[in-house]
Amino acid sequence: MRVIILGAGGLGSLFGGRLAQQGADVTLVARQAHVDAINANGLRISGVKGDATITNITAISSADQAEGDFDYLILGVKSKDTAATIASASCLKGRIKTACSFQNNTTKEDDLSDWLGAEHVIGFATIEAAMLAGPGHAEHTFVLPISTYFGELDGTITPRVQAIVDICNAAEIGTKAMTNIKQVMWEKITQIANAAGWSVSALAGNNSLFMGEGMMVKEGAEHYVQYARELISVYKALGYSPQNFFAPVSRLKELDSGEFEEAVDTVIQIGAGMQKSGFKGRTSMHEDIVRGKKTEVEETIGPFVHKARELGIDIPTVDAVYRITKVLDYYLD
Ligand SMILES: NC(=O)c1ccc[n+]([C@@H]2O[C@H](COP(=O)([O-])OP(=O)(O)OC[C@H]3O[C@@H](n4cnc5c(N)ncnc54)[C@H](OP(=O)(O)O)[C@@H]3O)[C@@H](O)[C@H]2O)c1
């Protein structure tokens with residue numbers, strides 16, 4: 001299997017490295033410092049599954065340097081870099097059998113289809129998490145028993161879907177082939193918009209705060225549930241119902257069902273549990289703000305705002321979170 005990761009940062013290096021460990025012929029297209037470090041010392045992956053250095057991997061700084069055809073292309077850049085990255089990789093057109101992306105947005109399949117042709121694109125969602133700890137080094141920060149899903153956009157399961165599912169499972173990334181990948185991707189973005197938008201609107205005024213510290217405050221938990229219910233109202237208006245695909249992290253079913261106060265208690269308990277276990281976690285959107293980096297607000301919360309307008313749904317809390325985050329984002333690079 002030949003795989004090219006176009007824009008290998010944290011998560012792209014994790015997937016590329018894990019697939020290479022299973023014998024795939026992997027090419028990472030990455031920034032020069034990352035490329036130089038990998039070519040000198042291999043790709044190091046540390047974190048929740050131990051420490052490994054992968055040397056059977058190709059790292060290049062421009063798609064122009066890629067050789068041959070590829071069975072899979074994984075687009076790994078942040079959404080804001082998609083257009084420029086695709087423009088810089090036009091040499092790959094006609095050389096990719098199947099393309100997909102783990103980006104947190106609702107447009108990645110359209111972007112890839114416009115570039116490579118819809119027949120080449122499959123759906124992909126993961127909650128596996130990783131960050132670039134330094135050149136040549138990805139830190140694997142989060143894993144779940146089932147963290148990753150692939151599927152054809154027409155709802156079928158084909159050999160190309162099964163092949164990438166199988167190699168991910170061999171690499172100990174818990175992965176499933178799905179007949180409803182579009183729903184999985186929408187549920188993922190609902191969950192991400194919930195956690196990210198809540199953490200920015202509740203915590204970004206005090207950069208020493210972590211998730212649990214805000215969730216265990218009653219008003220913080222009330223804001224979490226109200227905001228979640230409005231996001232879920234849009235998700236449901238698309239014809240879906242919460243499934244908790246990313247359980248046990250996913251709590252959309254619990255957030256959506258029962259009395260408001262019961263859901264608030266659930267959030268308070270989750271926050272208290274994080275505190276008790278010493279978990280000091282932030283969402284990547286909150287982390288972007290702490291580090292002064294542009295966020296993915298338009299890609300993660302924007303779809304709900306725009307879809308609600310289109311469908312005539314009233315979501316005042318989502319609107320407020322979106323506006324607050326846009327103001328903070330406006331002054332970041
Ligand atoms: N990280 C996670 O745990 C996680 C989990 C699920 C989904 N996601 C989603 O996955 C996407 C990527 O996240 P990430 O955390 O892996 O981002 P990341 O660490 O920033 O990785 C993207 C990398 O691509 C590089 N890049 C940008 N344009 C490029 C180009 N034209 N050629 C080569 N390299 C290029 C970036 O370099 P510069 O930084 O120098 O621009 C960066 O190193 C996001 O949409 C995110 O929401 C992430």
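A: A lining residue is one with an atom within 4 Å of a point of the space in question. The model discussed here is predicted. On these terms β8 (122-126) and α6 each supply at least two residues of the lining of the largest cavity.

Q: What makes the largest cavity a cavity, and which residues line it?
A: A set of grid points is a cavity where a 1.4 Å probe fits but cannot get out. The search of the whole structure finds one such cavity of 30 Å³ or more, and the volume of the largest cavity is about 60 Å³. Its lining consists of F102, Q103, N104, N105, K108, F124, A125, T126, M185, K188 and I189. By class, five of these residues are nonpolar, four polar and two charged.

Q: Why is the second largest pocket called a pocket, and what lines it?
A: The term pocket is used because the set of points is open, with protein on both sides within 12 Å along at least five of seven lines. The second largest pocket holds about 230 Å³ of space. It is lined by 13 residues, of which T106, E109, K182, M185 and W186 are the closest to its centre. Both α4 (108-116) and α6 (181-203) supply at least two lining residues, and each of domain 1 and domain 2 contributes at least three. The lining comprises five nonpolar, four polar and four charged residues.

Q: How is the interface of domain 1 and domain 2 described in terms of contact and buried area?
A: Contact requires heavy atoms within 4.5 Å, and 21 residues of domain 1 are in contact with 20 residues of domain 2. The area buried between the two domains is about 1,600 Å², with carbon and sulfur atoms giving 68%. The domain centres, taken over C-alpha atoms, are separated by 26 Å.

Q: Why is the pair D288 and K78 called a salt bridge?
A: The rule asks for a side-chain nitrogen of Lys or Arg within 4 Å of a carboxyl oxygen of Asp or Glu. In the pair of D288 and K78 the closest N and O atoms are 3.9 Å apart, so the pair is a salt bridge. Across the interface of domain 1 and domain 2 the rule finds one salt bridge, while the structure holds 15.

Q: What does the salt bridge of K97 and D71 tie together?
A: The closest N and O atoms of K97 and D71 are 3.1 Å apart. K97 lies in strand β7 (residues 96-101) and D71 in strand β6 (residues 70-75), so the pair ties together parts that are 26 residues apart in sequence.

Conventions. Residues are numbered from 1 along each chain as its sequence is written. This is a predicted model: local features need pLDDT of at least 70, side-chain atom pairs count only at pLDDT 80 or more; totals for chains, interfaces and linings use all residues. Side-chain values use heavy atoms; hydrogens and water are left out. Grid points are joined across faces, edges and corners, and a volume is the space filled by probe spheres set on the points. Helices (H or I, at least four residues) and strands (E, at least two) are DSSP runs, numbered from the N terminus. Ala, Val, Leu, Ile, Met, Phe, Trp, Tyr, Cys and Pro count as nonpolar, Asp, Glu, Lys and Arg as charged, and the others, Gly among them, as polar. Domain bounds come from an automatic or database domain assignment. Buried area is the accessible area (1.4 Å probe) that two parts lose on being put together, summed over both.
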